[in-house]
Amino acid sequence: MFHRLFPACLIRSKTHRTLCKYLFINAANISNQSFNVLGVETSCDDTAVGIVNSDRKILGEAIHYQHEIHEPSGGIVPNLAMVNHQTYLPSVICEALNNAELDMAKDIDVVAVTRGPGLPGCLGIGLSAAKTLAAVLRKPLIGVHHMACEAHALTARLTHSSSDLLPFPYLTLLISGGHTLILVTHGIGHYTQLGTTIDDSIGDAFDKTARLLKIPWLKGRGGGPGAALEQYALKGDPKKYTVPIPMRKDARRKREMNYSFSGLKTSIKDLIEKYKLNLDDEIVRYDLAATFQHAATIHLIDKLELAFEWCRNKGIALTALVASGGVASNKSIRLTLERLANEQHNIPLICPPPHLCTDNGIMIAWTGVERFRAGLIDKYTIDHIPKWSIANK
Ligand code: KG4
Ligand code: ZN
């Protein structure tokens, strides 16, 4: 463990700037050794901490969910989320360390934390805690981008089954509450964005449709409105009703690699009004949930097909299709993506296990491993970046 390489007397005698420089220089030598990273995630509604080893071992984690406090409002209430992070983060950090049977001072070598994008107050709580831990214990600090090419997207390199790290380049589909992105991932922090959503994210569309259909949220790990809609869709008939697949009518938009999900919820609403559907009837809600999920999945595939074609035209030999983000925990979507990757493009679909697709601390810790290896250490003065564009990460 490289923390032993920083003698306390030397560290005590350094000014802050020199210490950062010292840590940075040493990271280059250390990144070949085995090291442990603790990751803190508080960007939205889950207070999550994970600990991983640079040899791809998950050592421990803990999460405090907030589903019960947000469900009555039908969405995340930022102030409530912030207060809950404040209340629970210290015990979540202790629980993760206890689960891993590790000591913060002795066994953790690097502290990683989500810097953005996310809710400003919520990000600040995780960031302050991580910065303080790192500074007082003289550990390198790594600020992580929650989504693009980073936390959600890199988790696949931690969890995929082969003994080797998943090689670049791969096609990444990031589908969460905050993003709907298609990227070609060429390397750490090196990617090409092929498509994004022009309105709602797919996660938003799931959540709004779940609210429209009055579906009660699932609680605990893998819970929330989107997961609840998936359970309803399982029991429904996706062909009972028809809704237009977004961006198919207009020839120009058909060729665009962007997504548009806001119209889907409206189409479901229109169906309810047109046929005067009774939402007290569970079967009606099952069928509508299945109709929505089916249309959303076809829309995902339509644009992915264009992305595959783009890569083919550019001569990019993809190693895999990687899907991550909360919506990638949806089993029906995973199955469809798997068929697309295996049968149409002869590459594997690599998805983190469902519980690591939704927000968690493991993905932050793993990104810490990747960035630390690349020598990307941050200063203890870094701030949160609530609107962190992927273009300038
Ligand atoms: O990645 P994530 O946990 O948080 C963000 O970074 O946004 O994604 C949360 C989104 C929410 O919209 C949630 O309802 C959706 O992912 N989600 C699902 C499922 N599980 C979570 N959507 C569809 N099916 C699921 N099983
Ligand atoms: Zn997320």
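Biologist: Which residues does Asp 46 touch?
Modeller: Leaving out residues up to four places away in sequence, Asp 46 touches Glu 41, Ile 63, His 64, Tyr 65, Gln 66, His 85 and Asp 359, where contact means heavy atoms within 4.5 Å. This is a predicted model, in which local features need pLDDT of at least 70 and side-chain atom pairs count only at pLDDT 80 or more, while totals for chains, interfaces and linings use all residues. Residues are numbered from 1 along each chain as its sequence is written, chains are lettered from A and ligands numbered from 1 in the order in which they are written, and side-chain values use heavy atoms, with hydrogens and water left out.

Biologist: Is Asp 46 buried or exposed?
Modeller: Asp 46 counts as buried because its relative accessibility is 7% (buried is under 20% relative accessible area, exposed over 50%, partly exposed in between, with a 1.4 Å probe and protein chains only). Asp 46 sits in the loop between strand S1 (36-41) and strand S2 (47-53); helices (H or I, at least four residues) and strands (E, at least two) are DSSP runs, numbered from the N terminus.

Biologist: Switching to the ligand, which residues come nearest to ligand 1?
Modeller: Gly 177, Asp 207, Glu 230, Gly 326 and Asp 359 come nearest, out of 19 residues around ligand 1, a residue being near if one of its heavy atoms lies within 4 Å.

Biologist: And what polar contacts are there?
Modeller: Taking a polar contact with the ligand as a pair of N or O atoms within 3.5 Å, a polar side-chain atom of Asp 207 lies 2.6 Å from an oxygen atom of ligand 1, and an N or O atom in the side chain of Glu 230 is 2.7 Å from a nitrogen atom of ligand 1. Taken alone, ligand 1 exposes 550 Å², of which the protein buries 89%, with areas from the Shrake-Rupley method and a 1.4 Å probe.

Biologist: How many residues are in the largest nonpolar core?
Modeller: The largest nonpolar core has 56 residues, and Leu 171, Leu 288, Leu 304, Leu 321 and Leu 337 have the most contacts inside it; such a core is a set of buried Ala, Val, Leu, Ile, Met, Phe, Trp, Tyr and Cys residues joined through side-chain atoms within 4.5 Å. Helix H12 gives the largest share of this core, 15 residues.

Conventions. A polar contact is a pair of N or O atoms within 3.5 Å; within protein, one must be able to donate a hydrogen and the other to accept it, and residues adjacent in sequence count only if both atoms are side-chain atoms.
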